[in-house]
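Please open the model in a viewer and keep a selection tool at hand. The tour moves from the whole chain to individual side-chain pairs.

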Amino acid sequence: MGNATEWFDYGVYAATATYLTDAFFPGDLGTLGTMLGFAISFLLRPLGGMVWGPLGDRIGRKAVLATTILLMAAATGAIGLLPTHSQVGVLAPILLIALRVVQGFSTGGEYGGAATYLAECASDKKRGFLGSFLEFGTLAGFVGGSATVLTCQLAFGSAAMHDWGWRIPFLLAVPLGLVGWYLRSKLDESPVFTEVAEEENQPPGGLRGLRELVTTYRRELLTLAGLVVALNVVNYTLLTYQPTYLQKTIGMGESDTTAMMLIGQTVMMLVLPFFGRLSDRVGRRPMWLFSLVGLAALAVPMYWLMGQGTVWAITGFVVLGLLYVPQLATISSTFPAIFPTHVRYAGFALAYNLSTAAFGGTAPLVNEAVIEGTGWSLFPAVYMVGASLVGLVAWCFLRETAGTSLRGTEVPDAGGDIALGSLVPAKAAIAP
């Protein structure tokens, strides 16, 4: 519920991109301005990760998660109250970007903390299945955002949406955020965190943990960062840039685009727990290998198919979404397990947010800039292929951790226990 609230904003921002362009970035390069507004929030995510991550390793996961959701909800609701460019001129886009910065800073501690908390509370044998519900919440936020915008489009019409209707979905984030804060404030602390804190007779983390992370766990940081390149270029191309792409490049209508995104995201959301459960049986590495190879092979054909009409656009989107789900379903069980407990929150937050800032949040901006500059409508697919190849390199250094305990201060490693589930034996793929 909390994660859905955090990511409701991203679904709303993506679905209202054309309205935001008219309201805040009028002119020939307006769409680029809107995509910049999306991308700039990611520049603060690494800073947020450096602040919230070590703090979460020191004072606990619960307190940080309750704080970040309040910041996110307040900033999202404030977007719905902003004056437009026609009212206050250049101040309008400045205020929008300032609020996006606040969102980026809070999100820098949100996702890593939520995934870490879930992974540490789940049983070792069901971590993949239970962890997949974090991404169920993420997609529920996207779907909820898209569904809210679609409902407003059907209820108010295009003219009203461009005038004032786009504000309604942003304002709804405030009550959602209060519900998420209430739920998180009632959580118990992670037992894995509590155990390590008691054994060391002091809370782990802080600057000491950050220094240890950078000096001792470089391999783990780089492995996670490489996987996130693949994960988030696909994520923010498919789930965020896609409405703009379909409307401007393919020529689909506003309501058709929103409905297509809603269908595709709903299908992805419903199959997430099944892929999560499968990863508990065969391991995380085979799931990632299947997804990365499938996306590298089929991204270009599916994007070509999207240009052949609405029905084919839905088909291509669903195929790519289903190929992406094995990554999405196993984030919460794969990424936290890369690090030991005392640097887990900080390691996840730092590597995830640095990579996302560079290659995830910028994906809509890069896609739009290249298409605007060259007219090459298949570039988003080629970008996804390149990101998947980077992910495959990182995959070679990923340890198998399915069924492995996350307790203690050693790097989790299942060794050869799940090797039969992978095309490359786990022992052979793991450097000492």
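The stops below begin with the overall fold and proceed to salt bridges.

This is a predicted model, in which local features need pLDDT of at least 70 and side-chain atom pairs count only at pLDDT 80 or more, while totals for chains, interfaces and linings use all residues. Residues are numbered from 1 along each chain as its sequence is written, and side-chain values use heavy atoms, without hydrogens and water.

The C-alpha trace spans about 60 × 45 × 35 Å along its principal axes. Of the 432 residues, 59% count as buried (under 20% relative accessible area, with a 1.4 Å probe and protein chains only; exposed is over 50%, partly exposed in between).

Arg-344 lies in helix 17 and Glu-120 in helix 7, so the pair ties together parts 224 residues apart in sequence. Arg-344 is buried at 0% relative accessibility.

Move to Arg-399 and Glu-220, which form a salt bridge at 2.8 Å, N to O. Arg-399 sits in the loop between helix 19 and helix 20, and Glu-220 in helix 13. Both residues are buried.

Finally, select Arg-284 and Asp-280, a salt bridge whose closest N and O atoms are 3.0 Å apart.

Key:
Helices (H or I, at least four residues) and strands (E, at least two) are DSSP runs, numbered from the N terminus. A salt bridge is a side-chain nitrogen of Lys or Arg within 4 Å of a carboxyl oxygen of Asp or Glu.
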